[in-house]
Amino acid sequence: MSENVINTSLLRLEHIGKEFYGNRVLNDISFSIEAGEILGLIGENGAGKSTLLNILFGMPVINSTGGHEGRIYIDGQPVNFTSPQQALAAGIGMVHQEFSLIPGFTATENILLNREVLNGSLLRYLFGKRLATLDREAMRQRAMKAINTLGVHISTDMVVSEMPVGYKQFIEIAREIDRKHTRLLFLDEPTAVLTETEAEILITALKKLAREGIAIVFISHRLEEIKAFCNRIIILRDGNLITDQPANELSTKRIASLMVGRNNEQKDFYAEPIKLDKSEDKDEPDTSAPDSPDAKKKKKKKPALKVENLWVDMPGETVLDVSFEVMRGEIFGIGGLAGQGKLGIPNGIMGLYPAGGKVRVFGKKLHLNKPRNALNREMAFVSEDRRGVGLLLDEPLDWNITFTAMQMQGKFLLGIPHIFQIRNEIAMASEARKYIKALDIKCTGPSQKAGELSGGNQQKVCLARAFALEPNILLICEPTRGIDIGAKNLVLDTLRQYNKEHNTTIIITSSELEELRSICNRVAIVGGGKIAGVLPASAPAEDFGLLMMGQMRQQENENEEA
Amino acid sequence: MIKNFIAKAGWPRIIIGLFLLALFITAPFVGVNFFTSLNNTIVRFGMNSVLVLAMIPMIQAGCGLNFGLPLGIIAGLLGATLSIEFNEKILELLLQCATQYKISWLTEEFLTLHREAIGFASAIIIAIPFAAVLGWLYGKLLNRVKGDEMMIATYVGFSSVSFMCIAWLLLPYKHPTMIWGYAGHGLRTTISVDGYWLHILNDWLAINFKEDIVLSDSLTLNVNLSIPTGMLIFFAAMALFVWLFMRTKTGTAMTAAGSNPEFARASGVNVDKMRTISVVMSTILGAVGIIVYQQSFGFIQLYMGPFYMALPAVASILLGGASVNKATILNVIVGTFLFQGILTMTPSVFNSLFQTDMSEVIRLIVSNGMILYALTRKVRA
Amino acid sequence: MIRKFFDIVAANAVPAVFIIISAFAIPLSGFSTGYLIQELLTRIGRNAFLILSLLIPIMAGMGLNFGMVLGAMAGQIGLLLICDWKIAGIPGMLSACLIGTPIAIILGIFCGHILNRAKGREMVTSYILGFFMNGIYQLVVLYLMGPVIPITNPSLLLSRGYGVRNAVSLSGIRAQLDNLIPTVITGTEGTQQFLNINADSSFFLIQLPFFEGTIKIPLATFIVIALFCVFIIWFRKTKLGQDMRAVAQSQSVADSAGIAVNRTRIIAIVISTVLACYGQIIYLQNMGTLNTYNSHDQAGMFSIAALLIGGASVSHASIANVFVGVILFHLMFIVAPMAGKNLIGEAQIGEYFRVFVSYGVIALALVLHAWKRNREQEANRRTLREALKK
């Protein structure tokens, strides 16, 4: 018996793989975790981390899409969870990125949610535990104990909605700790919302838990933290396990390049920065002071888009202070990890979310906060939220393609402007047919409902709508998210071609760095609502990786040393 | 094929359609005259269709089912009562205009001849500004309570009807045909439009067909039809107006705002403005609709009269195949016909069959069941 | 500061308006204090139980349960049957409850399932469901009672031989609960006079100085209501109550914590429906007559209006709201017609006014709620951004 315990890991994964509708997202993942170990899990967005977690927790989304490959062992016993409740019962706890707390409840009520301490009573035995009253005092004691384990001071009676963000994170963790049998704790970016001191307190607390024998899987993008805190690091990339090494064998730089890089980098794969009549400093225009000599040079040729001190209040993608310039005819990429604010930038410029700061389009000021203003300046937008913002799912394709051009530019209408105009359905349909052919949209015709198309074809419809506006500046968010590889290439080729033919300025926001580097002239990396840096697409992968990890300062230092 | 049809039409519609069909088939066997029933159905269709049409703009703009229809009805009632109150004055005014601007065809004989039509037109013309103002306010309110429109619309409708009850008592109407004789003030609960615009649309171009067709010695078909052509033309005109409007740039923007407000906003459409316009349109159509209803019904029903008028209209359009956020003219036509068909046929057929009138109960179950079905249908997120 | 002031005003606007209306209308109506108190006590006893039945769905985040009329219908069916079977007195009420309970449970489960299919628009759905079930109820009472459900008492039936009459006298159980423990308050001077008149019956007699006239108190009804209040206070403390509060605030969080969300919501509706059934029986024993085709409708509308007048909202309601509401609502109800008559010379105005107020206050409460919710969502986002900026 005791031999078995020594030989079996707490959790072991063998050859885990997963396909979503023929799209491979995880491939042959095997690793194990021992009790008391702290494991760092690193990967870009889309590397397969969330799918891996979903499999481990038996999320319904996995089962409903055909289950997964490979086996999972806990204490050497094979398990197959079909609901998160089973995973919880087996002692696996999870702290999510989005808080799953009840805002109007106190810390105590949230920590003990659905695990309340109950008073014994006759009714309880007659009608089941739901009719037993709560033992508030015992609940408070238990909550207090869990909070104390974390080494923070939060009143057990404080209502969650009145807590600062950091506190909420502690309450989430306290809730997992309170489970008596939690032995394995997954933390998804727990420090992202914490201040530095709070993060330190949390890490100390987690170390303490690890000493008590709880294994911890720590997902974070702060490389420093991971290196300092974890025993071992696992890196996922494109669904593959790239590295499984002790933390002290890896440098931050190495981690960064492993996370984003390709092994066989071909120099000519990446687009060159466009020739611009600017000094070499153009890579980081945001750092140049307005009264520097470079600024005077700029006046000769106005940039297509100049953004200064932009802030955008987009939930989950807040932009705090962003400045950059995009030249006419350039393809400019905006990259960065999810939640850092990269999506907020184009959404803010287009007026979809409350925003402030200065934006100039071809030298003229753009008034923010009204989509109409941006559209009037011959800008077009393809939203990352295809189904939510990008499409009229219940309307036919020709509506989807021509609607914006009709509303903004009065195209596809018959009659006398401003007096009586009705829509020209023949012109709409022929415009739609044009794009169906050009972009190879698979559909039954212009009158098919947009909601009936596949993701890739929906994305093409979104592009067609933008093209129908004949824009000077095209802002595109996540052009290839959720579409298959063939459609992906077609979309990117179309963009390249459109840029070449019409000299259209294109700004692409994407989570996939490789994609940005393959199409853009320059790529800006956004972190924490600010621009971490702008690099030419041909810059080494690890530089991008370091920018993404928020290691800019360190990189500068290293450069100086070199 | 059949499966496809069922999926498209939806079970409730098919069941009710078959039910109606069964009623029409049974009718002759229980001694109910088929043609009279059909005729009644058509008349009731004409009476109610404009009220049902009033649902379209708000549904299309995403404001949900217009349970606040009584607001439009109130505007219509104001128009109708004011038109009667100032009937003589309006005619005088028109005559003055005629002399002042030398309009030769506008003579006293012409006015006397078309007194009823003028009364009807002036009722509509007076009602429209009331409806526009009420609708505008109502639209502004609904923009502030997005997500709860239907419940609030219901109670806005109810409270405005009960508020108007007080107003009908207190407003200084003087016309003797409208006020309580014994008290000398306060409007009556029902006011006859006889002598004003009774059947003005029904009788216009009406096709009357009365003949006994002898099929055999024992079987004589008693055909007695009176098709209210004018009313149907009026509805067709209103429907055409709505159809055209929904095809304008604004109408297209309105549809998009209802289909996906975020999309519309990102395309530069002012969603709140579209919603307000749709509410104003619905309210105006409601006002016109009740005046059309009255000219056929014969009476202006005040006080609690408009109280439950929204429910049949809502049920009709849903019965016609509309959902909470999509509706077409075809839905209006099919729905109104089915709903009014059942209302006409059940009393007569059931009366003959069971010697009892179950129409009220059937109306309650069908109309509310239909609304319930629409509300609980899974909406694509 | 201004926002806070606005919030306080908004939260208490409805009761405040009613207090002001009453302050003007009471002297205008010319009713004596004794009369008003007597009327109010009677009406609290009559109505409070029904209103209390609304509290639990609000607690579970399902808004105002317009579907309570389903419970009222169940109660009425119970009452009709005991009338037919001629069971009188407290046993009659109890057997009406006994018959009504299973019907109410079935209707409640049905209603709960429907509402789970219409999340986010529970109120309008339960409202329409009320109408729909009204149709079914009429079908049962008007056509099936007699031929299918045996009704032997001809005084219940319409002259055609089947279907229940429009108005049914509940003489068997009239005021049975109210007078179970007869209690009277009199002034010192009125005592003897009262005893002279009612010499043959026994009363709990409470004498108060400086008091004129006599007031009867439906003590047993009050005890039942008090028990109900205790039940609600206890219920809030149970695990089930806690789960309902969790479900009300976030269904997704509650679900991920393993709380059976849909089931919890159904339970809330079932409890409310069953209690509404009992509430309607209590209400009707006080009234003494059953308007077969109207009583339940009125019960729903008036109860909801009264609760809102008491300062409750769609998402928050307390026991205090119930009692403040029932007092203010009925105060207005009693005085409005007389005040209207004395002011304008027409009682009709007052009648319409109170109808207008009942509907208007529901509209107002719904608007305030939706408005506040939309404003709060905006405010939350703003604070989130400010927090991140720091």
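Mentor: What follows is a conversation about the chains of this predicted model and the contacts they make.

Trainee: Starting with chain B, how many helices and strands are there?
Mentor: Chain B has 16 helices, along with four strands. Its radius of gyration is 22 Å, close to the 21 Å that the globule rule gives for 381 residues, so chain B is as compact as a globular protein of that length.

Trainee: What does the C-alpha trace of chain B span along its principal axes?
Mentor: The C-alpha trace of chain B spans about 70 × 65 × 45 Å along those axes.

Trainee: And what percentage of chain B is buried?
Mentor: Of the 381 residues in chain B, 51% are buried. As for its contacts with a separation of 6 or more, 76% are accounted for by residues 24 or more positions apart in chain B.

Trainee: Let me zoom in on a helix pair: at what angle do helix 3 and helix 14 of chain B cross?
Mentor: The axes of helix 3 (residues 34–53) and helix 14 (residues 310–319) of chain B cross at roughly 85° and come within 9 Å. With that angle falling in the range from 65 to 115 degrees, helix 3 of chain B is roughly perpendicular to helix 14 of chain B.

Trainee: Which residues make that contact?
Mentor: From helix 3 of chain B they are B:Asn48, B:Leu51 and B:Val52, and from helix 14 of chain B they are B:Ala313, B:Ser316 and B:Ile317. Sorted by class, the contact of these two helices has four nonpolar and two polar residues, with no charged residues.

Trainee: Moving to the contact between chains B and C, how many residues does each chain put in?
Mentor: Chain B puts in 29 residues and chain C puts in 35 residues. On the side of chain B that touches chain C, at least two residues each come from helix 8 (115–144), helix 9 (149–170) and helix 16 (359–376) of chain B.

Trainee: Which helix of chain B gives the most there?
Mentor: Helix 9 of chain B gives the most, with 13 residues. By class, that side of chain B has 19 nonpolar, seven polar and three charged residues.

Trainee: Now chain A, what is its secondary structure?
Mentor: Chain A comes to 22 helices and 22 strands, and buried residues make up 47% of its 562 residues.

Trainee: Into which domains is chain A divided?
Mentor: Domain 1 of chain A covers 267–377 + 473–562, while domain 2 of chain A covers 379–470. In the contact between them, 24 residues of domain 1 of chain A meet 17 residues of domain 2 of chain A. Helix 14 (371–376), strand 19 (473–477) and helix 19 (485–502) of chain A each supply at least two residues of the domain 1 side, and that side has 17 nonpolar, three polar and four charged residues.

Trainee: Last one, how many residues do chains A and B bring to their contact?
Mentor: The contact takes 25 residues from chain A and 18 residues from chain B. On the chain A side, two or more residues each come from helix 14, helix 15 (386–390), helix 16 (397–409) and strand 18 (420–423) of chain A. The largest share of that side, five residues, comes from helix 16 of chain A, and by class the side of chain A that touches chain B divides into 14 nonpolar, seven polar and four charged residues.

Methods: Residues are numbered from 1 along each chain as its sequence is written. Chains are lettered from A and ligands numbered from 1 in the order in which they are written. This is a predicted model: local features need pLDDT of at least 70, side-chain atom pairs count only at pLDDT 80 or more; totals for chains, interfaces and linings use all residues. Axes are lines fitted to C-alpha atoms, for helices over the stretch in contact, and angles run from 0 to 180 degrees between N-to-C directions. Angles under 35 degrees count as roughly parallel, over 145 as roughly antiparallel, 65 to 115 as roughly perpendicular and the rest as oblique. Two residues are in contact if their C-beta atoms, placed from the backbone, lie within 7 Å. Ala, Val, Leu, Ile, Met, Phe, Trp, Tyr, Cys and Pro count as nonpolar, Asp, Glu, Lys and Arg as charged, and the others, Gly among them, as polar. Domain bounds come from an automatic or database domain assignment. The radius of gyration is taken over C-alpha atoms; the globule rule is 2.2 Å times the number of residues to the power 0.38. A residue is buried if 20 or more other C-beta atoms lie within 10 Å of its own, exposed if 12 or fewer, and partly exposed in between; C-beta atoms are placed from the backbone.
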